[in-house]
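The following paragraphs lead the reader through one protein model, from its overall make-up to single residues. Please keep the sequence and the structure in view while reading.

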Amino acid sequence: MPKLAVPSLFILEFFKYYLYEIHDGSNGFYVGPQIRTTVNEPTIHIEEVLRRAQQGMTKPFICRGDDGAIYFVKGKGAGRRSQICEWVSAQLATEFGLPIAEYALAEVPLELIEMDMFPDIRELGSGIVFASRELAHPQELTATTRDLVSQELARDVLVFDWWLRNEDRHLTKLGGNPNLLWDMQGSELVVIDHNQAFDRDFNSVNFLQSHVFSDQWNAIFSDHLERERYATKLRGVLPKLASIRANIPDSWWYVDDGVPANLTWDEVETCLERCRREDFWNTP
């Protein structure tokens with residue numbers, strides 16, 4: 001009677017959950033075990049396109065997933081750069097501890113696009129897309145609800161946007177677009193929209209003048225211990241970059257056959273590595 005190959009079965013189960021990743025950045029490669037079940041695979045399948053949002057730069061499509069939930073979906077028409085920024089920033093926000101709206105990679109079937117139910121549905125495109133789950137009782141953050149946000153969370157959002165060079169969160173006395181929601185049911189802040197992160201033309205002066213929580217900057221900048229606390233927190237997220245890079249769908253790195261997206265991983269990594277430098281907090 002043959003013996004059961006227990007070691008082989010054990011190894012099979014081990015690699016079922018501990019997959020090795022390769023980070024092929026310009027500075028070489030990284031290999032390390034990560035607990036994962038899928039790599040850049042969609043977890044939601046889009047079954048119905050309901051309509052298109054009329055607000056926002058990318059005007060996401062509002063769709064129903066196979067889980068019955070409603071999602072704001074950013075497909076090919078939103079731009080590959082936008083998709084990468086959203087997916088990378090969302091994962092970074094999770095690691096940093098921000099209350100970000102639920103998000104996922106979703107799959108849009110080609111058959112749904114070919115039905116041509118909307119004049120511009122082909123801007124959604126088939127394949128893997130970025131999906132942000134709809135809140136039950138959302139309201140755009142206003143000057144009134146901004147005052148309900150805790151000081152600590154306001155500072156977290158401000159520092160996170162500074163780190164990502166995300167200038168697109170405005171709210172002043174003249175109004176603006178904070179790209180933040182207030183959950184009326186839970187009475188809490190919800191962070192959304194990072195499609196303009198890793199901005200090459202980031203203007204720190206404009207950022208500090210118009211950011212929704214810019215009034216918190218001086219308290220952070222003038223406190224050495226507070227700056228160091230945040231720098232330590234940011235540096236603690238950096239080891240996750242390899243797995244985040246591996247999670248980006250391969251198709252997103254190309255606008256079309258052979259045409260690269262308007263963003264490279266080197267740009268993303270260089271932006272985020274700034275938190276290691278002493279001049280990270282410097283302002284003009």
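Of the 284 residues of the protein, 46% count as buried, where buried means under 20% relative accessible area, exposed over 50%, and partly exposed in between (1.4 Å probe, protein chains only). The model is a predicted one, in which local features need pLDDT of at least 70 and side-chain atom pairs count only at pLDDT 80 or more, while totals for chains, interfaces and linings use all residues. Residues are numbered from 1 along each chain as its sequence is written, and side-chain values use heavy atoms, with hydrogens and water left out.

The protein contains 10 helices and 12 strands; these are DSSP runs numbered from the N terminus, helices being H or I of at least four residues and strands E of at least two. Contact means heavy atoms within 4.5 Å. Among contacts between residues at least 6 apart in sequence, 69% join residues at least 24 apart.

One part of the fold to examine is an open sheet of three strands, in the order S8-S9-S10 with antiparallel pairing. Two strands pair if DSSP finds at least two bridges between them. Strand S8 (138–140) and strand S10 (188–191) are the edge strands, each pairing on one side only. From one strand to the next, the twist averages 40 degrees; axes are lines fitted to C-alpha atoms, for helices over the stretch in contact, and angles run from 0 to 180 degrees between N-to-C directions.

Strand S9 (residues 180–183) pairs with S10 in the antiparallel sense over four bridges. Leucine 181 has valine 190 in S10 as its bridge partner, and aspartate 183 stands opposite glutamate 188 in S10. The hairpin of S9 and S10 has four residues between the strands, and there serine 187 takes a positive phi near 50 degrees. In a regular strand the side chains alternate between the two faces of the sheet.

On a 1 Å grid over the protein atoms alone, a cavity is a set of points where a 1.4 Å probe fits but cannot get out, whereas a pocket is an open set with protein on both sides within 12 Å along at least five of seven lines; lining residues have an atom within 4 Å of a point. Grid points are joined across faces, edges and corners, and a volume is the space filled by probe spheres set on the points. The largest pocket holds about 760 Å³ of space.

About 40 Å³ of space lies in the largest cavity, and its lining residues include Arg52, Phe61, Val73 and Glu123.

Two single residues complete the picture. Glutamine 91 is found in helix H2 and counts as buried because its relative accessibility is 10%. Neighbours within four places in sequence aside, glutamine 91 is in contact with Tyr103, Ile244 and Asn247. Tryptophan 217 belongs to helix H7 (residues 217–221) and is buried, with a relative accessible area of 5%.
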